[in-house]
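Here are a few exercises to work through with the model open beside you. Take them one at a time, and try each before reading its solution.

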Amino acid sequence: MGESNDPVAVLFEMTKKALNQKLELGDTEIMISRESVEKMPQPVKEYKNLEEFENDINECTKCPLHEGRNKFVFGVGNPNADIMFVGEGPGRDEDLKGEPFVGRAGKLLDKILAAIHFDRSEVYIGNIVKCRPPNNRDPEPSEMEICLPYLMQQIEMINPRFICCLGRIAAQALLETKLPLGKLRGTFHDWNDRKVLVTYHPAALLRFQQYKRDTWEDVQKLRKAYDEYKASS
Ligand code: SF4
């Protein structure tokens, strides 16, 4: 595990690092631009519900991804879900509709859910970044770092027992690791009192049929663990 994702801890660490650099250079005063402060993760606020949270952040301009967005893509599903699915970011269809996983990959995700007897409305689906990266490129590490506190707060509010990361980017960002997907999938990771499973992104399955079998095995594990959890709670 790497550094904390807690926004207050991240803010503290960033400030400490900046101050130490200044002191090492012999400076006794520090100037922080308004732009830098606005980009820093903000301390967690209290919200009554997810809707109130979404309304507070849906005009976010903290990272450059806001420049090309049509719609902010907050997330969708059961606000009390036991399982949350997390992808890397919105694509073209998601950006137009303002909802995650609605294009071809989204339809495949619906099929995967149906295969393990879940409906989209029973789970919660979100992304690491909430605005579409241009030309569907991977989100930059800096963009993910700025946006991640929003997802962390969603997770706190929804409080799912299980999180399924869809694809390498989402898994590495959430688990704060550089391990490849092949090393991350197949087992549950203990993370902040939750169980995290990693599998392939549905868009990868559309391109590489050979990943389907592994994905099937992964989601079967998720269903089994969920059933065991429900039976014991
Ligand atoms: S991707 Fe996240 S941090 Fe960047 S502008 Fe959108 S909501 Fe804000």
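## Exercise 1: The sheet

In strand 4, C165 is the bridge partner of V86. This is a predicted model.

Solution. 
1. Strand 2 (residues 83–87) is joined to strand 4 by four bridges, and the two run parallel.
2. The open sheet has six strands in the order 1-3-2-4-6-5, with mixed pairing.
3. Its edges are strand 1 (76–77) and strand 5 (189–191), each of which pairs on one side only.

## Exercise 2: The faces of a helix

Check the length of helix 10 (residues 212–232), then find which of its residues are buried.

Solution. 
1. Helix 10 has 21 residues, so at 1.5 Å a residue it should span 30 Å; the end C-alpha atoms are 30 Å apart, which agrees.
2. Its buried residues are T215, D218 and L222.
3. The buried residues pack against helix 5 (104–115), strand 4 (162–166), strand 6 (194–199) and helix 9 (202–207).
4. On the other side of helix 10, the exposed residues include R213, E217, K224 and E228.

## Exercise 3: The ligand shell

Solution. 
1. Around the ligand are C60, T61, K62, C63, L65, H66, V129, K130, C131, E143, I146 and C147.

Key:
Residues numbered from 1 in each chain as written. Predicted model: local features only at pLDDT ≥ 70, side-chain atom pairs only at ≥ 80, totals over all residues. Near = placed C-beta within 6 Å. Expected span 1.5 Å × (residues − 1). Buried ≥ 20, exposed ≤ 12 C-beta atoms within 10 Å, placed from the backbone. Contact = placed C-beta atoms within 7 Å. Pairing = 2+ DSSP bridges.
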